Amino acid sequence: MKQRTISMAGCCVALALMSGVQAESTMNVAHMHLEHVSTSWPEAPGQVGFMTVALQEAEIAQTHVRLAEDHNGDLATLKQHVAHALHALDPDEQSSGPGLGFGVIEGADGAEKHTLYAAQSPGASDNIINNNLRVRNPLRNAESLAKLAVRAGNTALDARSVSAAQEPLDDMAWLINALVNGVDENGDGTIDATREEGGLVVAREELTAIRQVEGLD
């Protein structure tokens with residue numbers, strides 16, 4: 001009887017240890033998806049995270065839309081830099097350019113999806129579950145604005161004069177700035193982590209807050 005009692009106690013200890021390992025493993029799945037968002041995705045340039053590459057591509061798009069605006073009346077210069085900005089937004093629109101070949105749109109979409117996957121992972125913390133939309137909504141907004149910027153850029157490329165290209169170029173510049181920095185849609189003096197206002201910078205700030213609570217930063 002004594003031997004059986006000891007054996008059963010040993011089984012209980014083993015089960016408890018296995019349960020702890022399993023809980024740690026499932027929590028690591030949520031953390032793994034957060035890593036995909038911010039620090040590591042194997043198919044991204046340099047194997048950085050989705051959000052990181054989205055911000056890198058957005059910076060390239062910002063640079064070239066500014067160069068397009070400094071066209072000095074030269075339509076060819078304007079279109080060259082619009083095409084470069086398009087390549088950074090979505091390489092499917094322009095196959096070559098100074099971008100990384102990944103695109104803001106794919107980066108924002110991947111970051112949004114993996115933030116959702118983190119929240120849906122078994123054992124995800126309340127921190128991740130309760131705050132994931134504060135990351136995902138700005139990313140959704142950034143992706144939507146990027147698609148509008150692509151549309152404006154293509155309109156500028158189709159223009160036959162600088163004057164005809166100027167308005168869509170201005171729209172493209174505004175949209176690219178908004179997808180990065182967000183926009184104060186309701187005029188209350190702040191840019192919130194919402195689908196209507198947030199951009200990539202807001203999404204990064206919200207993700208950083210989640211990661212710090214999780215002990216990842």
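A contact means heavy atoms within 4.5 Å. This is a predicted model: local features need pLDDT of at least 70, side-chain atom pairs count only at pLDDT 80 or more, and totals for chains, interfaces and linings use all residues. Residues are numbered from 1 along each chain as its sequence is written, and side-chain values use heavy atoms, with hydrogens and water left out.

**Stop 1: colour by confidence**

Colour by pLDDT, the predictor's confidence in each residue, from 0 to 100. The chain has a mean of 90, and 88% of its residues reach 70 or more. Now select residues 1-27: here the pLDDT is below 50. Beyond near neighbours in sequence, this stretch has seven contacts in the model. Where pLDDT is low, the predicted coordinates should not be read in detail.

**Stop 2: His114**

Select His114, in helix H4. Helices are DSSP runs (H or I, at least four residues), numbered from the N terminus. His114 is buried, with a relative accessible area of 9%; buried means under 20% relative accessible area (1.4 Å probe, protein chains only). Leaving out residues up to four places away in sequence, His114 touches His33, His36, Val37, Trp41 and Phe50. Its side chain makes a polar contact of 3.4 Å with that of His36. Such a contact is a pair of N or O atoms within 3.5 Å; within protein, one must be able to donate a hydrogen and the other to accept it, and residues adjacent in sequence count only if both atoms are side-chain atoms.

**Stop 3: the aromatic cluster**

Show Trp41, Phe50 and Phe102, which form one aromatic cluster. Rings of Phe, Tyr and Trp (its six-membered ring) pair if their centres lie within 6.5 Å; planes under 30 degrees apart count as stacked, over 60 as edge-to-face and the rest as tilted. That rule gives two aromatic pairs. Trp41 and Phe50 have ring centres 4.8 Å apart and planes at 35°, so this pair is tilted. Phe50 and Phe102 are also a tilted pair, at 6.1 Å centre to centre and 50° between the planes. Phe50 lies in helix H2 (residues 50-69) and Phe102 in the loop between helix H3 (75-89) and helix H4 (104-120), so the pair ties together parts 52 residues apart in sequence. Trp41 and Phe50 are both buried, and Phe102 is buried too.

**Stop 4: the core around Met51**

A nonpolar core is a set of buried Ala, Val, Leu, Ile, Met, Phe, Trp, Tyr and Cys residues joined through side-chain atoms within 4.5 Å. Among the 59 residues of the largest one, Met51, Val82, Leu89, Met172, Leu179 and Leu200 touch the most other members. Finish on Met51: its contacts, not counting residues up to four places away in sequence, include Val37, Gly107, Leu139 and Leu200.

Methods
Buried means under 20% relative accessible area, exposed over 50%, partly exposed in between (1.4 Å probe, protein chains only). Helices (H or I, at least four residues) and strands (E, at least two) are DSSP runs, numbered from the N terminus.
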